[in-house]
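Please read the following report alongside the sequence and the three-dimensional view, which are shown together here.

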Amino acid sequence: MNCKNPGVKHKCTCGSHTVSPYEEDNLGHVSIRTFNNETLSNISFVEEGDRWLEAINENDWKIIIDDEIQSLEPKKIIQIPGGMPYSLLKGTSKFSLKITK
C-alpha cells in the first residue's frame with residue numbers, strides 16, 4: 001500500500017497509518033521525546049528494558065505508573081522497570097522528556 005501522506009512522520013502497521021504523537025531524537029543511550037499537546041491524547045508505553053525518565057521543561061503533564069499518578073518535573077528522575085506499562089496524561093503545554101536506557 002502506498003502512503004497517502006509521504007511527507008508526514010508516521011508509523012505504518014498492517015496498512016493503517018497513524019501520525020506519531022511525538023518527535024524523537026536518539027542520542028545513543030539517551031532519547032529526547034517532544035510531545036505537542038495539540039496533536040495527542042493520553043498515551044501509553046511499554047519499554048523493553050529499564051528506563052529513567054526526566055522532564056526537560058516545566059510542565060503540567062503527569063505520569064501513571066502502577067496506578068499511581070506522579071508529576072513530571074525537571075531534575076526529578078523516575079525509574080521504569082522493563083516491561084512495566086506507563087501512561088502520560090496530557091498537559092496544556094509542549095512537553096519534552098529525556099529517556100535514559
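## Basis of the model

The structure is a predicted model, in which local features need pLDDT of at least 70 and side-chain atom pairs count only at pLDDT 80 or more, whereas totals for chains, interfaces and linings use all residues. Residues are numbered from 1 along each chain as its sequence is written, and side-chain values use heavy atoms, with hydrogens and water left out.

## Overall fold

The protein has 11 strands and zero helices, where helices (H or I, at least four residues) and strands (E, at least two) are DSSP runs numbered from the N terminus. Along the sequence the pattern therefore reads β-β-β-β-β-β-β-β-β-β-β.

Of the 101 residues in the protein, 33% are buried; buried means under 20% relative accessible area, exposed means over 50%, and partly exposed lies in between, with a 1.4 Å probe and protein chains only. Among the contacts (heavy atoms within 4.5 Å) with a separation of 6 or more, 58% are between residues 24 or more positions apart.

## The four-stranded sheet

Four strands form an open sheet in the order β5-β10-β7-β8, with antiparallel pairing; two strands are taken to pair if DSSP finds at least two bridges between them. Because β5 (43-46) and β8 (68-71) stand at the edges with a single partner strand each, one side of each is left without a neighbour in the sheet. Neighbouring strands of this sheet are turned against each other by 25 degrees on average, direction ignored, the axes being lines fitted to C-alpha atoms (for helices over the stretch in contact), with angles running from 0 to 180 degrees between N-to-C directions. In general, strands of a sheet pair through backbone hydrogen bonds, either parallel or antiparallel.

The antiparallel strands β5 and β10 (residues 85-89) are joined by four bridges, and Ile43 stands opposite Leu88 in β10. Ser87, which also lies in β10, is buried, with a relative accessible area of 18%. The side chains of Ser87 and Ser44 are joined by a polar contact of 2.7 Å; such a contact is a pair of N or O atoms within 3.5 Å, where within protein one must be able to donate a hydrogen and the other to accept it, and residues adjacent in sequence count only if both atoms are side-chain atoms. Not counting residues up to four places away in sequence, Ser87 touches Ile43, Ser44, Lys62, Ile63 and Ile64.

## The nonpolar core

The largest nonpolar core has 17 residues, and those with the most contacts inside it are Phe35, Ile63, Leu72, Leu88 and Phe95. A core of this kind is a set of buried Ala, Val, Leu, Ile, Met, Phe, Trp, Tyr and Cys residues joined through side-chain atoms within 4.5 Å. Two or more residues come to this core from each of β5, β6 (51-55), β7 (62-65), β9 (77-80), β10 and β11 (95-100), and β11 gives the most, with three residues.

Leaving aside its neighbours within four places in sequence, Leu88 is in contact with Phe35, Asn42, Ile43, Phe45, Trp61, Lys62, Ile63, Leu72, Phe95 and Leu97.

## A network of salt bridges

Three salt bridges are counted, each being a side-chain nitrogen of Lys or Arg within 4 Å of a carboxyl oxygen of Asp or Glu. Arg33, which is buried at a relative accessible area of 8%, meets Glu24 in a salt bridge (3.2 Å, N to O), and Glu24 counts as partly exposed at 26% relative accessibility.

Arg33 also forms a salt bridge with Glu47 (3.2 Å, N to O). This pair links distant parts of the chain, with Glu47 in the loop between β5 and β6 and Arg33 in strand β4 (residues 30-35), 14 residues apart. Glu47 meets Arg51 in a further salt bridge (3.8 Å, N to O), and Arg51 counts as buried at 12% relative accessibility. Through shared partners, salt bridges join Glu24, Arg33, Glu47 and Arg51 into one network.

## Asn57 in its loop

Asn57 is placed in the loop between β6 and β7 and counts as partly exposed, at 23% relative accessibility. A polar atom of the Asn57 side chain lies 3.0 Å from the backbone oxygen of Lys94. Not counting residues up to four places away in sequence, Asn57 touches Pro74, Lys94, Phe95 and Ser96, and its C-alpha atom is separated by 9.7 Å from that of Ser93, 36 residues apart along the chain.
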